[in-house]
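Open the model in your viewer and keep the selection panel at hand. The stops below say what to select and what is there.

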Amino acid sequence: MPIEVEPNLKSVLSNMINFCPYCGNQFDKPIKDGISQCLNCTRVFDCSNYHIILSAAWQTRKQNLDLDRIKKIVPDEDFANFVFYLVDQACYNHEELLRLLEKFSLIKNAKM
Ligand SMILES: [Zn+2]
């Protein structure tokens, strides 16, 4: 069952990093902005869409999130769909997702 969120809480609940984008370590408190470091793997990350996607992907794997719940932590609907279809439906693991994101960046930066 999707969790209902009160309208005034929606902005608080959007754009959150709850899990380390790199190792999947769960944080005590959600990270909403700025630059942070994971105490488990020591990787540094910001709250860019790239890291939000990777973090939401870990959360989806670990907590079996449905699309409605993913949308509450990933504010952009396209990115929420991206996470849902790749991780929940196609069962992409962390390495596969990283590789795909890397391919997108190669395509975008390729000289035509
Ligand atoms: Zn980590």
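How many residues does α2 have, and how far does α2 reach from its first C-alpha to its last? Helix α2 has 15 residues and reaches 20 Å, close to the 21 Å expected at 1.5 Å a residue. The expected span is 1.5 Å times one less than the number of residues in the helix. Before going on, note that this is a predicted model, in which local features need pLDDT of at least 70, side-chain atom pairs count only at pLDDT 80 or more, and totals for chains, interfaces and linings use all residues. Residues are numbered from 1 along each chain as its sequence is written.

**The whole chain**

Show the whole protein as a cartoon. The protein has 5 helices and 4 strands, in the order α-β-β-β-β-α-α-α-α from the N terminus. Helices (H or I, at least four residues) and strands (E, at least two) are DSSP runs, numbered from the N terminus.

Now colour by pLDDT, the predictor's confidence in each residue, from 0 to 100. The average is 88, and 87% of the residues score at least 70. Two residues are in contact if their C-beta atoms, placed from the backbone, lie within 7 Å.

Return to α2. Its buried residues are Ile52, Ile53, Leu54, Ser55, Ala56, Ala57, Trp58, Gln59 and Thr60. A residue is buried if 20 or more other C-beta atoms lie within 10 Å of its own, exposed if 12 or fewer, and partly exposed in between; the C-beta atoms are placed from the backbone. The cover over the buried residues of α2 includes β1, α3, α4 and α5.

Next, select Ile53, Ala56, Ala57, Ile70, Val74 and Val83. Of the 21 residues in the largest nonpolar core, these touch the most other members. At least two residues of this core come from each of β1 (17-19), α2, α3 and α4, and α2 gives the most, with 6 residues. A nonpolar core is a set of buried Ala, Val, Leu, Ile, Met, Phe, Trp, Tyr and Cys residues joined through C-beta atoms within 7 Å.

Centre the view on Ile70. Leaving aside neighbours within four places in sequence, Ile70 is in contact with Ala56, Thr60, Leu65, Ala80, Val83 and Phe84.

In helix α3, pick Asp68. Asp68 counts as partly exposed because it has 14 C-beta neighbours inside 10 Å. Asp68 and Phe84 are 16 residues apart in sequence and 9.5 Å apart in space, C-alpha to C-alpha.

Select α4 (residues 77-89), where Ala80, Phe82, Val83, Phe84 and Val87 are buried. The elements covering them include α2 (49-63), α3 (67-73) and α5 (94-109). Helix α5 itself is hardly covered: the count of buried residues among its 16 residues is 1.

**Two loop residues**

Finish with the loops. Cys91 lies between α4 and α5, and its phi is near 55°, a positive value in a residue other than glycine. Cys91 is exposed because 9 other C-beta atoms lie within 10 Å. Thr42 sits in the loop between β3 (36-37) and β4 (44-45). Thr42 also has a positive phi, about 70°, although it is not a glycine.
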